[in-house]
Amino acid sequence: MAEEIRLMKGNEAIGEAAVRAGCRAYFGYPITPQNELTAYMARHMLARGRTFIQAESEVAAINMVYGAASTGARAMTSSSSPGVSLKQEGISYLCGADLPAVVINVARAGPGLGGISPAQGDYFQATRGGGHGDYYTIVLAPKGVQEAADLTYEAFGLAEKWRMPVLILADGLIGQMMEGVVLPEPIDPVNLQRKSWAVGHSVEMARPYNHISSINLIPDELEAMNRKRFERYAQIKKELIRYEEIEVEDADIVFVAYGTSARVSHGALQIARAKGMKVGLFRPITLWPFPYEQLYRLAERGKRFLCVEMSMGQMIEDVRLAVSGKAPVYFYGRCGGNIPSQEEVFAEALRLSGK
Amino acid sequence: MTEKTFMTGFGGQGIISMGQLWVYCAMKEGLKVTFFPFYGAEKRGGIARASVIVSDSEITSPIVTVADSVVIMNQDSVEIGEKVCKEGGIICVNSSLVKKDPARPDARIYHIPCNEIALKLGNVRVANMIMMGALSKVTGAVKLQDLDTILPSYFSSNKRSLIEINIAAVEEGKKVVA
């Protein structure tokens, strides 16, 4: 039976999607603009007899995730930019130990304590590992409340499949905005399969005990582990890349934008099309792995790109890598918590069309 | 049909509730909706604004920068409200608190004495519902026909007694601009 449509804040929809994905343990620490998510988990995890802990810090919370994930439980933490910076050591450890986990970043303006308004200045941190050592995390960027719920739900399965953390990179607008959402089918964590790689249950599962750690002091062994992990990354790049294209077919100028910026750029696209301008939109949904080849193919067809971000320009570096000098890449960005208006983005496209 | 509304007033006037109920009703009427609030840290007296969009097709930018309709609930909000309204758009002002008209001769301006009507009904706090009724009537975007089923789940149980006066306020608002 089709679920009814519900009006929810992005933060609450992410929380409900995690509960429905069978999240067994949530660890958080309050920070604006993601507080409704922690509050939602407090109410709904405890009501189901699952684990909710408001940790003493972000660092504690991510390390609790490490502990819960080691047992094979679906575990999650959430925060906003400065808090996610604090979690980076733990994320590196999770990657080193090949543990699945879901990390939500409802990003705000930085650097430093910055401001509490929406921003996309965490792209580098999210897509380049973020902590120390050779690793990546899968990064999914929702454009609205429905997609925030869908991607969060899916993130738990992806994290288990690829044995690594999945980061949802949202922003303060997606967290605070209300939209209609149809929620996915609930999964009871009791029905999830026990993990052969996890700690515990070695007697019942008739297997030797597992020791989970990211440490290995023998260079050749550590190198071999890293190489094996990167073979997995290569496979993810083949299987997981996701993006949305809107009216790119005949477009001369293609906006490249994710999340909130993509929504705004889509509005600018509609203004441009109404005036007869051939403008398209390319929206990466997976920021890692990034759709390099798909953008390269558009560049080969002679399109020009306008990268729109709520930052001083971060994803633009991936766009430039993607097009490999085959096409001009321009930039329009706002930051500090400002969201570009569709009129501003349209005006920039209009300026470029005269070039 | 897409109706982009910018709602503005001070904290405590029910700007956020008005926006939420507007999109709740629109959703029940089969429309796509976005609601993005912006308010200060103060419980009362700070600024309160909302970008509210209802549409029969996919909503792109959730930020209302050029509004089809603008709701202005107090004098201090006139400046921002008159700027955001599109050419020939609709501006609904709470004439109980707004004494100087928005400087927009091109716009269709409606004067709704929300606080006075609310006081006559017996509770000044339903002023926002009078405005919402008027907005429904002048834009035609949301009919507000499902309020009697929405309000019982919107209000916490200790506020259920207020459902009747809220619905009455919406009806009064519709009448003022009829």
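Tutor: The residue to start from is T38(A), which lies in helix 2 of chain A; helices (H or I, at least four residues) and strands (E, at least two) are DSSP runs, numbered from the N terminus. The model is a predicted one, in which local features need pLDDT of at least 70, side-chain atom pairs count only at pLDDT 80 or more, and totals for chains, interfaces and linings use all residues. Residues are numbered from 1 along each chain as its sequence is written, chains are lettered from A and ligands numbered from 1 in the order in which they are written, and side-chain values use heavy atoms, with hydrogens and water left out.

T38(A) has a relative accessibility of 5% and therefore counts as buried (buried means under 20% relative accessible area, exposed over 50%, partly exposed in between, with a 1.4 Å probe and protein chains only). Leaving aside neighbours within four places in sequence, T38(A) touches Y26(A), F52(A) and S78(A), where contact means heavy atoms within 4.5 Å. K355(A) is 317 residues from T38(A) in sequence, and the two C-alpha atoms are 48 Å apart in space.

The peptide bond from T32(A) to P33(A) is cis, with omega near 5 degrees. A cis bond also joins G110(A) and P111(A), with omega about 5 degrees; P111(A) is in the loop between strand 5 (101-107) and helix 6 (123-127) of chain A. Most peptide bonds are trans, and most residues other than glycine have a negative phi.

Phi is positive at R163(A), about 55 degrees, although this residue is not a glycine. R163(A) is placed in the loop between helix 7 (145-162) and strand 7 (165-171) of chain A, and is partly exposed at a relative accessible area of 25%. E247(A), not a glycine either, has a positive phi of about 50 degrees. The loop that holds E247(A) runs between strand 9 (243-246) and strand 10 (253-256) of chain A, and with 41% relative accessibility E247(A) counts as partly exposed.

Now the whole chain. Chain A has 13 helices and 14 strands. Its radius of gyration is 21 Å, close to the 20 Å that the globule rule gives for 355 residues, so chain A is as compact as a globular protein of that length; the radius is taken over C-alpha atoms, and the rule is 2.2 Å times the number of residues to the power 0.38. The C-alpha trace spans about 70 × 50 × 45 Å along its principal axes. Of the 355 residues of chain A, 57% count as buried. Among contacts in chain A with a separation of 6 or more, 78% are between residues 24 or more positions apart.

Last comes the partner. The contact takes 22 residues from chain A and 20 from chain B. About 1700 Å² is buried between the two chains, with 62% given by carbon and sulfur atoms; buried area is the accessible area (1.4 Å probe) that two parts lose on being put together, summed over both. M27(B), F36(B) and T60(B) supply 30% of the area that chain B buries against chain A, more than any other three residues.
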